[in-house]
Amino acid sequence: MSIFQKLLQIKEEKGAGYFVLIDPDKQDIEEATRLARCCEEAGVDALLIGGSLLFSHIFDELIKSIKESCSLPAIIFPGGTRQISPFADAILFLSLVSGRNPTNLIGDQVVAAPVIKSMKLEPISTAYMFVESGNITSAQFLSDTRPIPREKPDIAMAHALAAEYLGMKLVYLEAGSGAKYSVPETLIRALRNFISIPMIVGGGIKTPEEARSKVDAGAGFIVTGNIIEKNRDNGLIKAFVEAIHTKNQL
Ligand code: 1GP
């Protein structure tokens, strides 16, 4: 079974899936590996690994170490073409469809595709969409693009539908790491009723309740980074898992 099929199964069986983001610039290999184990124990569904920039040179080693001590799928969430590793299980093959910067729409993908193939990494075609979140996020700044306005669900709907028609498998609604405001439920709900591919929602989610309301609005997968990196608390991770796995609670 491919990682993508596994993700669909998780969504089907649990109501929604929970991913924890591990940024190689925010921890060393030991801390990342400890966090990965903690996530597995708590019932997280997969790890996303990546960051907007990559200051460190431990990308491969970090993923290798995580895979040696934890059986969760390790999915690369690349901030650039340097973030590709044969030790991961899959990679979100992102195209920043909310922007009009050709490098992020197709340029980087052309550079990365042959490398991904040679590493036998599973690419998961994903429409990446920035949503306005109260401050300029690193990813917005680096891509030199504007996010979709929070109060304009119609713009988000048209972008997501175009991505679906282009054959993309997932939509990633991104408020940005450390965002002041997470992606609004109104926007998620509008998309749920309009597109038929699953949505990943991330950026600025700080509590299990907030995560739950995104799931209730239609998010298929929730991503948290900062809140877990700062707390590294098994109890908090479990609380997120319980809030997001809506079907387990029936
Ligand atoms: C996922 O960028 C994120 O899309 C993670 O955001 O660090 O704010 O949770 P946080």
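This is a guided tour of a protein model, stop by stop.

The model is predicted, so local features need pLDDT of at least 70 and side-chain atom pairs count only at pLDDT 80 or more, while totals for chains, interfaces and linings use all residues. Residues are numbered from 1 along each chain as its sequence is written, and side-chain values use heavy atoms, with hydrogens and water left out.

**Stop 1: aromatic rings**

A pair of aromatic rings is described by the distance of the centres and the angle of the planes. Here, rings of Phe, Tyr and Trp (its six-membered ring) pair if their centres lie within 6.5 Å. Planes under 30 degrees apart count as stacked, over 60 as edge-to-face, and the rest as tilted. The structure holds six aromatic pairs.

Select Tyr 18 and Phe 240. Their rings are stacked, with 5.6 Å centre to centre and 20° between the planes. Which parts of the chain does this pair tie together? Tyr 18 lies in strand S1 (residues 17-22) and Phe 240 in helix H10 (residues 234-244), so the pair ties together parts 222 residues apart in sequence. Helices (H or I, at least four residues) and strands (E, at least two) are DSSP runs, numbered from the N terminus.

Buried means under 20% relative accessible area, exposed over 50%, and partly exposed in between (1.4 Å probe, protein chains only). Tyr 18 is buried, at 0%. Phe 240 is buried too, at 0%.

Next, select Tyr 128 and Phe 130. This pair is edge-to-face: 5.1 Å centre to centre, with 70° between the planes. Both residues are buried. Ring pairs link Phe 77, Tyr 128, Phe 130 and Tyr 172 into a cluster.

**Stop 2: the ligand**

Show the ligand and the residues around it. A residue is near a molecule if one of its heavy atoms lies within 4 Å of it. Which of the 13 residues around the ligand come nearest? They are Tyr 172, Glu 174, Gly 178, Gly 225 and Asn 226. Tyr 172 also belongs to the ring cluster of the previous stop.

Colour this shell by residue type. It divides into three nonpolar, nine polar and one charged. Ala, Val, Leu, Ile, Met, Phe, Trp, Tyr, Cys and Pro count as nonpolar, Asp, Glu, Lys and Arg as charged, and the others, Gly among them, as polar. Strand S6 (170-174) and strand S8 (221-224) each supply at least two residues of the shell.

Zoom in on the polar contacts. A polar contact is a pair of N or O atoms within 3.5 Å. Within protein, one must be able to donate a hydrogen and the other to accept it, and residues adjacent in sequence count only if both atoms are side-chain atoms.

- Ser 177: an N or O atom of its side chain is 2.8 Å from an oxygen atom of the ligand.
- Gly 225: a polar backbone atom is 2.7 Å from an oxygen atom of the ligand.
- Asn 226: a polar side-chain atom lies 2.6 Å from an oxygen atom of the ligand.

How much of the ligand does the protein bury? Taken alone the ligand exposes 300 Å², and the protein buries 97% of that. Accessible areas come from the Shrake-Rupley method with a 1.4 Å probe; for residues, only the protein chains shown count as cover.

**Stop 3: salt bridges**

Side chains of opposite charge can pair when their charged atoms come close. A salt bridge is a side-chain nitrogen of Lys or Arg within 4 Å of a carboxyl oxygen of Asp or Glu. The structure holds seven salt bridges.

Select Glu 185 and Lys 214. Their closest N and O atoms are 2.9 Å apart. Glu 185 lies in helix H7 (residues 185-192) and Lys 214 in helix H8 (residues 208-217), so the pair ties together parts 29 residues apart in sequence. Glu 185 is partly exposed, at 22%. Lys 214 is buried, at 2%.

Stay in helix H8 and select Asp 216 and Arg 212. Their side chains meet in a salt bridge (3.1 Å, N to O). They are four residues apart, about one turn of the helix.

**Stop 4: around Gln 27**

Select Asp 23, Lys 26 and Glu 229. A network of salt bridges links them. Is Gln 27 buried or exposed? Gln 27 is buried, at 5% relative accessibility. A polar atom of its side chain lies 3.1 Å from the backbone oxygen of Asp 23. Finish with Arg 232: a polar contact of 2.6 Å joins its side chain to that of Gln 27.
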